[in-house]
Amino acid sequence: MLNSILEGSPAPVAAPEDFVVCMGAALIMGVLLAWLHTYKNQATRNFILTLALLPVIVQTVIMMVNGNLGTGVAVMGAFSLVRFRSAPGNSREISSIFLAMAIGLAVGMGYLGAAAALLAVSGCMTFLVIWLPLGRCGNSERVLKITISEDLDYRGIFEDLFSRYTSQSELMRVKTVNMGSLFELQYHIWLQDERMEKEFLDEVRCRNGNLPLVCGRIAAGREEL
């Protein structure tokens, strides 16, 4: 399964039928990788097309190089130039690109079984991490922005409400608004019970004089490598 299909070929260049088999395998795995990347993830059409074609491109280049060290070094230099002229992506995009290149490299050397095993293991790991609650913000985590008048002392004004409705709270920022006549307080809170969120906000509104109030989930940041 993990043996190369090109080992028995005596010619310096792969036979046409072997080349067609490797190209077909690389294209199929590239399409599967593109679908895997879009699972529970947003991606542009251009990036999906790139992931689908990258294994075929790398496979063709590797089969054309065919052990020539000088040509291989030149190809690596070309790939590095393309990388440095590209905009950085998030962590999942980078891993998908490396996976596509690894699949193309394995297929280009004739190790179709190894390439399929790599894609299968990576896919299973992706599904596992997506479905397990790893690294996710809890559903009870919120950003709370409260506007109060300038004559109120914001220190401890909502402590009793936080102790009753939240398991943890932290004042992150204080900002003056409306020409300094109002304060905007930004808190990072964890609700004890999501079903009590409306009741909690109603009591905050009564405390701040029904001034603007914003409560929302934590925005997911863009992870880059």
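Visitor: Which share of the contacts between residues at least 6 apart in sequence joins residues at least 24 apart?

Guide: Start with the word itself: contact means heavy atoms within 4.5 Å. In this chain, 74% of the contacts between residues at least 6 apart in sequence join residues at least 24 apart. Keep in mind that this is a predicted model, where local features need pLDDT of at least 70, side-chain atom pairs count only at pLDDT 80 or more, and totals for chains, interfaces and linings use all residues. Residues are numbered from 1 along each chain as its sequence is written, and side-chain values use heavy atoms, with hydrogens and water left out.

Visitor: How many helices and strands does the chain have?

Guide: Helices (H or I, at least four residues) and strands (E, at least two) are DSSP runs, numbered from the N terminus. Here you'll find seven helices and four strands. Reading from the N terminus, the order is α-α-α-α-α-β-α-β-β-α-β.

Visitor: What about surface and interior?

Guide: Buried means under 20% relative accessible area, exposed over 50%, and partly exposed in between (1.4 Å probe, protein chains only). Of the 225 residues in the chain, 32% are buried. Accessible areas come from the Shrake-Rupley method with a 1.4 Å probe, and for residues only the protein chains shown count as cover. For the chain, the accessible surface comes to about 14,100 Å², with 63% of that belonging to carbon and sulfur atoms.

Visitor: At what angle do α1 and α2 pack?

Guide: Axes are lines fitted to C-alpha atoms, for helices over the stretch in contact, and angles run from 0 to 180 degrees between N-to-C directions. Helix α1 (residues 16-38) packs against α2 at about 150°, and the two axes are 8 Å apart. So α1 is roughly antiparallel to α2; the cut-offs are under 35 degrees for roughly parallel, over 145 for roughly antiparallel, 65 to 115 for roughly perpendicular, and oblique for the rest.

Visitor: Is the crossing left-handed or right-handed?

Guide: A crossing is left-handed if the near helix is turned anticlockwise from the far one by less than a right angle, and right-handed if clockwise. α1 passes α2 in a right-handed crossing.

Visitor: Which residues meet there?

Guide: From α1 they include F19, C22, M23 and A26, and from α2 they include F47, L51, P55 and Q59. The residues of this contact divide into 15 nonpolar, five polar and no charged. Ala, Val, Leu, Ile, Met, Phe, Trp, Tyr, Cys and Pro count as nonpolar, Asp, Glu, Lys and Arg as charged, and the others, Gly among them, as polar.

Visitor: Why does Q59 count as buried?

Guide: Q59 counts as buried because its relative accessibility is 0%. Q59 lies in helix α2 (residues 45-65). Setting aside residues up to four places away in sequence, Q59 touches F19, C22, M23, A26, G104, V107 and G108.

Visitor: And how far is G110 from F19?

Guide: In sequence they are 91 residues apart, but C-alpha to C-alpha the gap in space is 9.2 Å. G110 sits in the loop between α4 (91-108) and α5 (112-131), and G110 is buried, at 0% relative accessible area.

Visitor: Which loop holds M179, and is M179 buried or exposed?

Guide: Look in the loop between β2 (166-177) and β3. M179 is exposed, because its relative accessibility is 86%. M179 also has a positive phi of about 60°, although it is not a glycine.
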